[in-house]
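This report describes the fold of one protein chain and some of its local features. Please keep the sequence and the structure in view while reading.

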Amino acid sequence: MKFAVVICAVALMSAGGASAQEGDKAMSKTTISFATATPGGGFPLYGNALAEVVNAADPTLSIEPRNTKGSNENIPLLEAGSVDIATVAGEPAYEAFKGIGRAPATKMKILTAMYSSPGMFVVRADSPYKTIQDLVGKPVAFGAKGSGLPILSRYILDGIGLKQDEDFKSIYLDHAGDGPPMVQDGRAAALWGAGIGWPGFTKMAESATGARFIAPTADEIAKIRAKHTFLKPLTVPAGSYPKQTEAIASVGSWSYVLVRDGLPDDVAYRLAKTLHGVEATFCKKLAQACETTAANTVAAAPDINLIHPGVLKYLREIGVAK
C-alpha cells in the first residue's frame, strides 16, 4: 500500500513537472530582430509601429527594431542571418530577387508587403521649380546613403533620359531626417522621397516655407513604364500631406518586410497570423500601414513563390492565396 502511494506521488510530481515545463515553454518569447533604416525616415516609423502592435497582440513574440543604413545594408544582414526580418524598398528587393548586379539571386522571402511607394520630389512652395526638368543641374537630396530611395529615383530618371549623378548635383544623406532642413535653408533645391505619410514630405508640408510636390508628367510616366516595366502607376491621394489638395500621379513599387533564409515556418506563420489579425489596429496607428494587408501581400509579390512558405500557409488558410 505504501509502495503504491509512493508510486502515485512520484507520478503526480512527474506530471506536475511536465505541466510546468510545458507552461514555461508556452510562455517563452520568440525574439525577432528587425532591421529598419536611419532615424527620420519612413522605415523606422513603420517598423516601430509594427513591433508595437504585434508585440501587444502576441505576448510570445518580441520584435526588436534596430536602426540601420537602410535597404542596401538590410539585404546583406538578412543574407548573413544577422537579423530575422527587415524593411526593404521595392527596387533593391527586385534586383535581389532577379539577381541583378549580383549572383546568385537572393534566398530571402517576403513576410508582408508594407505599402506602395510613389516617388516624387518636394520643393519649397516659394521656389520657381515646377517640373523635373527644372531641377536639372540643381542640388537635390536623393535620400539616405544605403536606402532604397536613390535606387527608385535612378530608375525613374533613367526612364526619362536623365542620369542622377550627372544631370543633378546629387546629395546623399547620412540620415533621412537631414533632408527637409537642407531644402528649407536653400542648401538643396529639392528632396526626393516616396510613399504616403513619408516623414520628410510631412515635415516640408508642415514647415513655414510650405511645400510643392513634383512628380513625373503623364508622358514621362509612360516613358518610364515602357523602359522599366516592374514600376507601377501609383497615386498619392489628396490629403496625404498637409495642404495637398489634389491627388498626385506617379510611379513606384511596393516596399516589403523580408525575412532571412531559414526562418522557421512556424515562426513566419505566427508573425503573419498576428500581423494580419491586427490590420485594423495597425491602420489606426499609422496611415501608411493601412496598405499592409494579406491581400496586398499576394498582389504585390512579384511571384507567389517569393512569399515565405509559413506565411503562404496562413494566406491560403484565410483564402487570399491559392
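Where is the place of lysine 243? Lysine 243 is found in the loop between strand S9 (232-236) and strand S10 (248-259).

## Basis of the report

The model is a predicted one, in which local features need pLDDT of at least 70 and side-chain atom pairs count only at pLDDT 80 or more, while totals for chains, interfaces and linings use all residues. Residues are numbered from 1 along each chain as its sequence is written, and side-chain values use heavy atoms, with hydrogens and water left out.

## The chain as a whole

The secondary structure of the protein chain comes to 13 helices and 10 strands. Helices (H or I, at least four residues) and strands (E, at least two) are DSSP runs, numbered from the N terminus. Along the principal axes, the C-alpha atoms of the protein chain fill a box of roughly 100 × 40 × 35 Å.

Of the 322 residues of the protein chain, 51% count as buried. Buried means under 20% relative accessible area, exposed means over 50%, and partly exposed lies in between (1.4 Å probe, protein chains only). Contact means heavy atoms within 4.5 Å. Among contacts in the protein chain between residues at least 6 apart in sequence, 72% join residues at least 24 apart.

## Helices H10 and H13

Helix H10 (residues 265-277) packs with helix H13 (residues 309-317) at an angle of about 45 degrees, and their axes are 7 Å apart. H10 is therefore oblique to H13. Axes are lines fitted to C-alpha atoms, for helices over the stretch in contact, and angles run from 0 to 180 degrees between N-to-C directions. Angles under 35 degrees count as roughly parallel, over 145 as roughly antiparallel, 65 to 115 as roughly perpendicular and the rest as oblique. The crossing of H10 and H13 is right-handed; a crossing is right-handed if the near helix is turned clockwise from the far one by less than a right angle, and left-handed if anticlockwise. On the H10 side, the contact is made by Asp265, Ala268, Tyr269, Ala272, Lys273 and His276, and on the H13 side by Pro309, Gly310, Val311, Lys313, Tyr314 and Glu317. By class, the contact of H10 with H13 has six nonpolar, two polar and four charged residues. Ala, Val, Leu, Ile, Met, Phe, Trp, Tyr, Cys and Pro count as nonpolar, Asp, Glu, Lys and Arg as charged, and the others, Gly among them, as polar.

Which residues of H13 are buried? They are Gly310, Val311, Leu312, Tyr314 and Leu315. Their cover includes strand S4 (109-124), H10 and helix H12 (294-300). H13 is followed by glycine 319, whose phi is positive, near 85 degrees.

## Helices H5 and H9

Helix H5 (residues 149-159) and helix H9 (residues 218-227) pack at an angle of about 105 degrees, with their axes 7 Å apart. H5 is thus roughly perpendicular to H9. Ile156, Asp158 and Gly159 of H5 meet Lys223, Ile224 and Lys227 of H9 in this contact. The residues of the contact of H5 with H9 divide into two nonpolar, one polar and three charged.

## The disulfide

A disulfide is a covalent bond between the sulfur atoms of two cysteines. The cut-off applied here is a pair of cysteine sulfur atoms within 2.5 Å, and by this rule the count comes to one disulfide. Cysteine 283 is joined to cysteine 290, with an S to S distance of 1.9 Å. The link of cysteine 283 and cysteine 290 is right-handed, with 80 degrees about the S-S bond. Cysteine 283 counts as partly exposed because its relative accessibility is 28%, and cysteine 290 is partly exposed at 34%.

Most residues other than glycine have a negative phi, and most peptide bonds are trans. Lysine 243 has a positive phi of about 65 degrees although it is not a glycine. With a relative accessible area of 76%, lysine 243 is exposed. The peptide bond from alanine 103 to proline 104 is cis, with omega near -5 degrees. Proline 104 lies in the loop between helix H4 (90-98) and S4.

Lysine 169 lies in strand S6 (residues 169-173) and is exposed, with a relative accessible area of 54%. Leaving aside its neighbours within four places in sequence, lysine 169 is in contact with Gly137, Lys138, Pro139 and Val140. Lysine 169 and serine 33 are 136 residues apart in sequence and 37 Å apart in space, C-alpha to C-alpha.
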